[in-house]
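Hello,

Here is the structure we discussed handing over. My notes follow below it.

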Amino acid sequence: MDLLQILVNGLSVGAVYGLFALGYTLVFSVLGVINFAHGAVFTLGAYFTYLLIGGAVGANGWLAGVQLPFALPFWAALPLAGLGAALVALLVERVAFRPLRRRRADPLLALITSLGAGVILVNLIQLLVGAESYAIPTGALGGLPASFSLLGARVRTVQALLLGIAVVLLALLTLWLEGSRNGKGLQAVAEDPETAQLLGIDSTAMVRLAFGLSGFLAGVAGGLVGLSVSIAGPYFGIGYGLKGLAVLVLGGLGSVPGAVLGGLIVGLAEAFVPADWSGYKDAVSYGFLFLVLLLRPRGLLGRPLPTKV
Amino acid sequence: MDAALLEQMLLGALLALSVYLPLGCGQLSLATPGFYAVGGYVAALLSTGVAAFVGSGATSPLWALLAEMVLGGMLAGLIALAIGGPVLRLRGIYLAIATIALVEILRVLNLNLPFTGGAMGIFGIPQPFAHAEGYVLFTLALLALACWLCQRLEALRLGRAMAAIRDDELAAASVGIDTPRTKLIAFVASAVLAGVTGALAAHFLNSWNARAGSFDASITTLAFVVFGGSRFWLGPVIGGLALTALPELLRPVGDLRLILFGAVILLGPLFFPQGLVTAERLRALGALLGRGRHRSRQAPQAP
Amino acid sequence: MNRSPDATAPVPLLQVEAVSCRFGGLLALDRVSLELEEGEIFGLIGPNGAGKTTLFNVISGLTTPSGGRCLWRGVPTTGLGASGLNRLGIARTFQNLRLFESLTVRENVLVGLHHAARAPLLGALLGNGAFRRHQGRLEARAMELLTLLELAALAEQRAGDLPYGDRRRLEIARALATAPQLLLLDEPAAGMNPAEKDDLRQLIGRIRDHFALTVLIIEHHVPLMMRLCDRLAVLNFGQRIALGSPAEVRTDPRVIEAYLGGQGQARGEGR
């Protein structure tokens, strides 16, 4: 496999990791905790996409054989799946995060409650649609060819799509964070919740916004991965969720460009693992993470935290 | 209650204590399942591959089990010792994620190393006890020993130093506590306990594979401690026993069982943010029983 | 140039040599030098944000200076860290009170006592006679300290439940438990009324005599410091602008300038 091919593969996988980590980082920056239900929301995004393009449920769940009465083209199904995932993320915030926030409980507890929410979601999926894998047909892309060649490398259309959508979403997110009222509000809450509250920013609304956005990003990423490699079952988000966690710390907790940079680095590094060693591929990101934590504990683009005496 | 479930509950309680030890000095380490897996592999490899440990037929001698537990605990402890220095400089969520990464690295190694049996793992691990009841008695003794050590720790210099670090690491350093060393001791002790438990569990489960140490297990064992309470050793023990039993007890509800399990994990911290075992409840229990553990802890050196 | 300590002249207990501390663009300490003689009560005054607490943090090992160094009895303390410096004989209290809140008053002091007193592990685990005698000595010592600081009646209370003044005294007790030769007190009288301040002044004098201590103290209440301290240094904007006896400092024109020109509340809260 030549270099260009490796780059294309690595970048497209990295884009998914980046989208995933962006979702973590948005929530982390406003709440200072990790949302362990994020992987489940990603998984839901994939299933939503599958259903919206007219896919039928298999024979094993409570919803066996169910099919939506319409079939949307992929480009319409994907954002709708993202919206659906955003709603679920808001629900997760409502049941697993807000009660703790209201009681000013130890933030550590949110690790547990969000994991509980994730366990519920994953098993709900299994109950409803079974544990089998679902493939989103590449025909869903309409008239686009399944792959094209670029400077001699064979690029699958879905890879290009993944990378393109990730870049566009990142650009939009950055513009929005820097340019809009809500975006600045979100940053203010991330910086200092109490001061933001004094300035009249509704921090609860900002937290909800962060969850909604992170859910949307996860849902879109899930739909794209579903299209790219098929949905391997209710648990398929967990592996990505863990990679996303590594990416998150690699880039720097709470840093938006860091999340994307971290994703691309990990994606590329994995793509460069030789085939003979492919079993160890999953350890690459964690190895990186370890190194970065030891050499630069705040991550590549993270800000140092002040220690107060 | 059947003995196999009881044994699993006891193993859960041991793992919960392993998570509790670093948490007792404020360190959120999720590495326990990684060390548990390492201990299990040591036992599995020795008892299926080394003639002296194999024993006759399907049974293996008790001394072999003990030796494997010691060796499994030692290997886990050595790994913890090697990585603990740099890793424990990390704080809070960073430490948690670094330890998750450690668990994942160990899992990938366990899946791919040439001698660990790949995804299938190692099976046909010989049994030192003919029945589950034997395991239960043995594990009960181990758990009692671990609890006794945790209880003694509270009266010791080390235990107080841990509590001080949990409350305020900076202030602890300023009264002369060697905070890196204290944290390292807690981390290594946690790893040893997890490794010992893994060696025992590998025999009990008869087979061992990389799934023993996974991210899921990291969070589940943390849930044991959060659920039971992280201030006194009794909390993790109760949390470990209860949450291990729960999925089995929920078996009658069929497909809904894991959803209900998730709901319990979700709702537990909302209703019991301090966990089930708190200082106040212990004191109330102590008053109820006449002479409680908490009061005897406060009276200096009641024999 | 490195002066080697003169064999005949007594070496100062603590020397602060041209210590600078930079946080980003802020120069919190600018080549500050001090020498503490054994047995004196030395005051550190200056407006908010002058760098007093930063200097404490450097001396006690919580902050690494960006320039300069400290010497303890003539030996550089660089790289020892907070716990190392405490074992050397430096103990401190904190401006914002950092007690072990979930521990009892007695346990807070025991934590301080522990570092000096190591018990054999096996005996400790089994709780044998030698260990119980060892524990008994520590407990007695803790109660002595609590009595001295009028906290004995509160020994079994959780430190987090104490009222403010008691917490301040508990922090002093905890620091004393580590058997220091130099005690750093960071605004011990903050939030106290005049009568309490007077008690505190007498207490500090008593402690100094009882434990043969050297005391370095930060306090805003200037009249209290004038009566309490043997010598004073004044910091302003990270620089030491005056040093001397209370009488000398009181009349120093730069001090008057700093206080009249700079003590306005507009400078805000800070270290």
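How many bridges join β9(C) to strand β10 (residues 239-244) of chain C? Five, and the two strands run antiparallel. (Strands, E of at least two residues, and helices, H or I of at least four, are DSSP runs numbered from the N terminus; two strands pair if DSSP finds at least two bridges between them.)

This is a predicted model: local features need pLDDT of at least 70, side-chain atom pairs count only at pLDDT 80 or more, and totals for chains, interfaces and linings use all residues. Residues are numbered from 1 along each chain as written, chains are lettered from A and ligands numbered from 1 in the order written, and side-chain values use heavy atoms, without hydrogens and water.

Strand β9 (residues 231-236) of chain C is largely enclosed by the rest of the structure, because five of its six residues are buried (under 20% relative accessible area, 1.4 Å probe, protein chains only; exposed is over 50%, partly exposed in between). Strand β3 (residues 41-45) of chain C runs parallel to β9(C), with four bridges. Val234(C) in β9(C) stands opposite Ile45(C) and also opposite Ala242(C) in β10(C). Two residues separate β9(C) and β10(C) in their hairpin, where Phe237(C) has a positive phi near 50°.

Regards
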